[in-house]
Amino acid sequence: MPAIAEQLPTQSYVELENAYGAHNYHPLDVVIERAEGVWVYDVEGKRYLDCLASYSAVNQGHCHPRILQTLVEQAHKVTLTSRAFRNDQLPLLYKELHDLTGYDMALPMNSGAEAVETAVKTARKWGYTVKGVPECHSEIIVCANNFHGRTITIISFSTDEQYRRGFGPFTPGFKIIPYGDSRALIGAITSNTCAFLVEPIQGEAGIIIPPDGFLREAADICRRNRVLLIADEIQSGLGRTGKLFAYMHEGIHPDVLIIGKALAGGFYPVSAVLASKEILGVYQPGDHGSTFGGNPLGCAVARTALRVLIEEKMVERSAELGAYFLDRLRTLRSSDLREVHGRGLWIGIEMNSPARPYCEALKQEGILCKETHDRVIRIAPPLVITREEIDWAFDRIKKVIEK
Ligand SMILES: *Cc1c(COP(=O)(O)O)cnc(C)c1O
């Protein structure tokens, strides 16, 4: 087999990928070779504005120089100790997460799905050891059209048939209610309910914002019934919606917070479950773990990624420029356009027909977007985007939508 040294044309990479990789994605045929800030460059030298930001994992912008420097420096020191020993980065990440969020404690994992699994395990163990639910009778309430990841347990409570088909048998112990329906939440709670797991804004479902007051009501219902409110902010958190966390739009404080994606600025998979001492205190040595979770490389990168997000005022940028972008996008006119909705730099353009052809057309114009749930074009650029770049993007989006 010939060595792959020089850049091949796009089609060669597509063919290699199709031949030797599982087809569990349907990517746009753009082969990215490098990236910087909001811009990505393909193997043919073409430049695109990234309006997906790797599902909000690169809120800080691609290859942010400060995070890159930390990655390199820490890689020269020590990358992995396992939790059998301690390292000098994890305690500092714990403290900084506490100072930033107000949560007592954190439990570090790697991918988002692992953190969701960890939150589910935490809620169950809290139910059995603190609330007094009979062992193996835990119930956790979730919402229709949720997205929390792809493990067997998580797809067990998905309402997307494609995510489940062919993968049973499923994990029991979950109840599904309509999103944004607090009466349904009340109706679903029993004495065995440990938790309500919810996305404050549903991302993969198409940037769905629940009715005003829903999260406040849900928090209240959970408190009165001794049910943990678990917010999955893996995608909505860390500035994406114009607040540090989306739950802050309603002035609540969920019992359990799940974060991931932008926690390490796209350099490394780092996720975490944050909660009070009472809740994370259910863990005893040996109850749960991860070889890579809390490793010094990931922790060092996450520490800098958080510092960059705050010090470079990216949350404020998201609020201000998101409102500006949303206002402009709301001026679009097309019979195929159903609605534009969003919060911060997280905007869904909902069409009446499949969004994929629009994403293909936007790619031709130099903008990378990915359709979500068939008819929504998601606009979620890195939070470092400038007003001028938004204007540049808007002109091209207008051309494609109004064509
Ligand atoms: C992306 C995402 C996950 C899963 O994260 P992975 O790192 O892909 O496992 C879970 N919940 C939400 C809300 C997400 O957007």
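Modeller: Domain 1 and domain 2 bury about 1900 Å² between them, and 59% of that is on carbon and sulfur atoms. Buried area is the accessible area (1.4 Å probe) that two parts lose on being put together, summed over both. This is a predicted model: local features need pLDDT of at least 70, side-chain atom pairs count only at pLDDT 80 or more, and totals for chains, interfaces and linings use all residues. Residues are numbered from 1 along each chain as its sequence is written, and side-chain values use heavy atoms, with hydrogens and water left out.

Colleague: Where is the chain divided into domains?

Modeller: Domain 1 covers 65-311 and domain 2 covers 313-402; the bounds come from an automatic or database domain assignment.

Colleague: How many salt bridges are there between domain 1 and domain 2?

Modeller: One. Arginine 378 pairs with glutamate 204, with the closest N and O atoms 2.8 Å apart. A salt bridge here is a side-chain nitrogen of Lys or Arg within 4 Å of a carboxyl oxygen of Asp or Glu.

Colleague: Switching topic: what does arginine 66 meet in a salt bridge?

Modeller: Glutamate 312, at 3.1 Å, N to O. Arginine 66 lies in helix H3 (residues 65-77) and glutamate 312 in the loop between H11 and helix H12 (314-329), so the pair ties together parts 246 residues apart in sequence. Helices (H or I, at least four residues) are DSSP runs, numbered from the N terminus.

How values were computed:
Helices (H or I, at least four residues) and strands (E, at least two) are DSSP runs, numbered from the N terminus.
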